[in-house]
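Try each task before reading its solution.

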Amino acid sequence: MIKKTSKLEDVVTTYFNTNHYNSLSENTRRTYWYGLNGICKRNPTMTIKRLTPRVCKKLYNSWCEEVSPSHANENYRILSLLLSYCIEAGVMGDNPMLSVVKRTVGRRGISWTEDQVVAFCDTAFTKFKWRDVGLIALLSYKLNVRPIFLRRLMWSNVDLVEGVMTLYSDSIKLDADLKAMLLEQDEHWGFQKLVFPRYYKGMNEYLPYTHAQVSDIVKRIKAEAGLPDEIKLNDLRRDR
């Protein structure tokens with residue numbers, strides 16, 4: 001049973017076992033799962049009691065600064081939903097997220113053409129240092145999966161024998177080309193847990209690429225390929 005002093009991660013675990021969560025579509029469950037676990041990971045000691053309007057505003061602003069306003073708005077929506085669950089459970093009286101003024105993000109309405117995807121990936125695969133981002137882009141485009149999920153993908157979620165990738169509860173079949181590329185990726189990086197690792201020398205550890213690191217590499221690849229700057233990696237899934 002959750003209470004005011006419960007850690008946020010414990011509340012999230014409880015919510016994942018509710019009928020409401022399990023009645024959602026697989027894509028929505030996946031989005032909530034990654035979003036809520038990401039928030040908990042960055043705030044491991046946060047309790048429900050500490051989620052005041054001031055703290056919620058601070059969290060929102062940090063999401064805007066560290067990633068983007070659109071990412072912040074998505075986290076706002078997901079955390080607000082969790083806190084509404086807490087209200088229904090009698091743990092909170094009001095939803096502190098509702099006091100946060102969200103930043104306006106215009107609808108992009110931009111999508112990649114197939115020729116642009118081919119040009120981007122062909123360019124990315126010419127340099128080993130760009131290969132990871134090229135494969136993330138190709139997987140995102142072909143499988144209709146958000147890049148943020150792929151950045152955190154682990155080998156334990158990829159069956160290279162059967163050619164199946166598991167993202168949360170979804171099993172996604174890989175075509176022959178993607179399977180072959182992931183087999184090659186395994187030859188390079190299969191000695192550690194991440195499919196797309198970034199080595200941090202100071203920490204002597206392999207960790208996922210950050211949003212900023214991927215964005216920087218994407219810009220370099222687009223410039224090399226002569227692609228317009230306005231198309232973004234997240235646009236690979238738009239209108240598909």
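A residue counts as buried when its relative accessible area is under 20%. The model used here is a predicted one.

**Exercise 1.** Classify the ring pair of Tyr15 and Tyr85, and state which parts the pair ties together.

Solution. Begin with the total: the structure holds 13 aromatic pairs. In the pair of Tyr15 and Tyr85, the ring centres are 5.5 Å apart and the planes stand at 50°, so the pair is tilted. Next, locate the residues. Tyr15 belongs to helix H1 (residues 8-15) and Tyr85 to helix H5 (residues 69-88), so the pair ties together parts that are 70 residues apart in sequence. Finally, apply the definition above: Tyr15 and Tyr85 are both buried.

**Exercise 2.** How are helices H7 and H10 oriented to each other, and which residues make the contact?

Solution. Helix H7 (residues 128-143) packs against helix H10 (residues 211-225) at an angle of about 100°, and their axes are 10 Å apart. Angles of 65 to 115 degrees count as roughly perpendicular; H7 and H10 are therefore roughly perpendicular to each other. H7 contributes Lys129, Trp130 and Val133, while H10 contributes Val214, Ile217, Val218, Arg220, Ile221 and Glu224. Sorted by class, this contact has 6 nonpolar, 3 charged and no polar residues.

**Exercise 3.** What is the strand order of the open sheet of 3 strands, and which strands are at its edges?

Solution. The order is E1-E2-E3, and the pairing is antiparallel. Strand E1 (158-159) and strand E3 (170-173) are the edge strands, as each pairs on one side only. Strand E2 (residues 164-167) pairs with E3 over 4 bridges. Across from Leu167 stands Asp170 in E3.

Terms used
Residues are numbered from 1 along each chain as its sequence is written. This is a predicted model: local features need pLDDT of at least 70, side-chain atom pairs count only at pLDDT 80 or more; totals for chains, interfaces and linings use all residues. Side-chain values use heavy atoms; hydrogens and water are left out. Two strands pair if DSSP finds at least two bridges between them. Helices (H or I, at least four residues) and strands (E, at least two) are DSSP runs, numbered from the N terminus. Rings of Phe, Tyr and Trp (its six-membered ring) pair if their centres lie within 6.5 Å; planes under 30 degrees apart count as stacked, over 60 as edge-to-face and the rest as tilted. Buried means under 20% relative accessible area, exposed over 50%, partly exposed in between (1.4 Å probe, protein chains only). Axes are lines fitted to C-alpha atoms, for helices over the stretch in contact, and angles run from 0 to 180 degrees between N-to-C directions. Angles under 35 degrees count as roughly parallel, over 145 as roughly antiparallel, 65 to 115 as roughly perpendicular and the rest as oblique. Contact means heavy atoms within 4.5 Å. Ala, Val, Leu, Ile, Met, Phe, Trp, Tyr, Cys and Pro count as nonpolar, Asp, Glu, Lys and Arg as charged, and the others, Gly among them, as polar.
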